[in-house]
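Have the structure open as you read, and take the points in order.

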Amino acid sequence: MDENLTFEEAFAKLSQLVELLEKGDKPLEESVSLYDEAMQLSGYCSALLNSAKLKIETLTRKQASDEL
Amino acid sequence: MITTSALTVTQINTYIKSLIEGDIRLRHITVVGEISNFTRHFRSGHLYLSLKDESCSLKCVMFAQTASRLRFQPENGMRVYVSGRLSVYDRDGVYQLIADAMEPVGAGAMAAALEQLRQKLAAEGLFDADRKKQLPAFPKRIGVVTSASGAAVRDIENVLSRRYPLATMVLCPAAVQGADCAPQNVQALEALARYGDVDVILLGRGGGSQEDLWGYNDERLVRAVAACPIPIVTGIGHEIDTSLCDLAADFRAPTPSAAAELATPDIRDLAQAVDQAAARAYQEIFSIHGVACEALQNLDARLASLSPMRVLSVRMETLDRMRAQLISAGRIAMERRTTALAHMGVRLKNADPTALLKQGKLTVLFGKEKLKSASQVKVGDQLQILLADGRLDCTVDAVQQR
């Protein structure tokens with residue numbers, strides 16, 4: 001799995017996989033691999049949420065006003 | 001001295017109070033004057049002040065509930081209009097104005113100017129609902145325009161840390177009151193839009209007097225908010241304050257904290273959504289697996305019923321059964337015949353024509369001897385048959401040997 005996914009991307013993909021699974025029209029083997037991927041994504045999402053810490057940057061008005 | 005007609009202090013104060021409060025002209029008055037001796041009672045929140053002009057002074061009180069609705073901070077020296085009714089505080093023998101409204105002199109003009117500007121900008125469509133931009137569901141970088149040292153920036157930081165720590169907060173500081181407020185906020189919006197790489201902007205400050213918040217009604221800032229390509233959520237002052245910036249913004253929150261909440265999903269809801277998705281996936285694979293297992297069992301059962309061994313064993317069984325039937329049928333038939341044979345034997349015995357002879361009941365004489373065999377005689381021989389009651393003399397007509 002791509003470890004650079006944002007939460008939004010990973011969650012969107014997870015939701016997609018769950019919907020695919022719920023359609024229930026995939027062969028067993030494919031369903032199992034969809035399930036594996038969904039479990040990986042949900043673990044990844046949970047890990048992102050658990051480890052997240054707000055980052056703070058400061059932008060000065062000068063950068064803009066100098067050019068104005 | 002006529003002591004017999006002396007009144008008590010209570011009597012006179014009560015009488016004066018009834019006079020003043022009974023005067024309909026003193027029930028709804030507006031007084032203009034300058035504030036002095038201003039105090040806010042630290043526990044009750046009531047406001048006490050005197051209104052004065054060049055020569056006179058009038059005591060005023062505004063009760064806490066009314067005071068909480070004030071849109072500005074009264075100060076000593078401020079010229080104000082105070083409306084209310086005149087009453088007497090009997091304990092001190094003092095009459096005072098019980099205020100139910102107060103506004104600074106000049107506020108009416110300011111309000112009129114504000115309303116004019118609002119109408120002008122509204123006519124230009126700056127506040128139109130169809131101009132409002134959608135907020136991103138998962139903002140990655142959140143711009144914040146407020147004072148770097150105010151309470152608002154700490155409130156916003158706390159809310160973002162708690163609700164949505166996945167984001168990056170990009171603070172672009174600006175003055176939140178005074179003459180610098182509007183131009184610095186405009187610059188900050190432009191800086192964030194150009195260099196901030198943000199997908200939503202929170203703009204605002206904590207509560208203050210109407211004068212403090214005045215910069216957020218500045219036409220330049222209101223236009224900059226409306227023109228900003230990035231969605232803006234305002235949180236300016238408290239619930240009761242509405243600035244023109246609030247009207248121009250894409251979303252308006254009552255406070256800076258509320259603006260931060262409005263702009264972000266709650267990480268707890270997200271965690272729950274992730275868990276639910278995982279649970280749904282599990283549920284689904286569980287049921288898919290269960291269906292497959294059941295189908296497999298059905299197939300197994302069908303297969304077993306179709307296998308050659310099964311067919312053979314069914315036939316063997318049939319054969320066994322048939323054999324058993326055969327054996328049992330044979331035995332029954334045999335038994336029946338044996339019985340029948342026995343009966344026949346008895347009947348045969350009974351029917352034996354020689355039986356009488358054997359029993360000696362009938363005696364045939366040939367000459368002087370008892371006839372014992374057919375072979376002893378020939379045609380024409382004379383035989384005598386002795387019966388119980390007589391004798392028959394017979395001639396042999398024919399001899400048939402057995």
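**Notes on a predicted model**

1. Start with where the chains meet. In this predicted model, 34 residues of chain A are in contact with 35 residues of chain B. On the chain A side, the elements that give two or more residues are helix H1 (7-23), helix H2 (28-51), strand S1 (55-58) and helix H3 (62-67). H2(A) gives the most, with 11 residues. As for the make-up of that side of chain A, you'll find 19 nonpolar residues, nine polar and six charged.

2. S1(A) is joined by four bridges to strand S7 of chain B, residues 168-171, and the two run parallel. If you want a spot to check by eye, A:Thr58 stands opposite B:Leu171 in S7(B).

3. Now for two helices within chain A. How do the axes of H1(A) and H2(A) cross? They come within 9 Å and cross at roughly 150°. Angles over 145 degrees count as roughly antiparallel, so H1(A) is roughly antiparallel to H2(A). The crossing is left-handed.

4. Which residues make that helix contact? From H1(A) come A:Phe7, A:Ala10, A:Phe11, A:Lys13, A:Leu14, A:Leu17, A:Val18, A:Leu20 and A:Leu21. H2(A) brings A:Ser31, A:Leu34, A:Tyr35, A:Glu37, A:Ala38, A:Leu41, A:Ser42, A:Tyr44, A:Cys45 and A:Leu48. Sorted by type, the residues of the contact divide into 15 nonpolar, two polar and two charged.

5. One residue from that list is worth a click: A:Lys13, in helix H1 of chain A. A:Lys13 and A:Glu37 are 24 residues apart in sequence, and their C-alpha atoms are 9.6 Å apart in space.

6. Finally, move over to chain B for a sheet. This is an open sheet of four strands in the order S12-S11-S13-S14, with antiparallel pairing. At the edges stand strand S12 (369-370) and strand S14 (390-395) of chain B; each has a single partner strand, so one side of each is left without a neighbour in the sheet. S12(B) is joined to strand S11 of chain B, residues 363-366, by two bridges, and these strands run antiparallel. To find that pairing, look for B:Phe366, which stands opposite B:Glu369 in S12(B).

Definitions and conventions: Residues are numbered from 1 along each chain as its sequence is written. Chains are lettered from A and ligands numbered from 1 in the order in which they are written. This is a predicted model: local features need pLDDT of at least 70, side-chain atom pairs count only at pLDDT 80 or more; totals for chains, interfaces and linings use all residues. Two residues are in contact if their C-beta atoms, placed from the backbone, lie within 7 Å. Ala, Val, Leu, Ile, Met, Phe, Trp, Tyr, Cys and Pro count as nonpolar, Asp, Glu, Lys and Arg as charged, and the others, Gly among them, as polar. Two strands pair if DSSP finds at least two bridges between them. Axes are lines fitted to C-alpha atoms, for helices over the stretch in contact, and angles run from 0 to 180 degrees between N-to-C directions. Angles under 35 degrees count as roughly parallel, over 145 as roughly antiparallel, 65 to 115 as roughly perpendicular and the rest as oblique. A crossing is left-handed if the near helix is turned anticlockwise from the far one by less than a right angle, and right-handed if clockwise.
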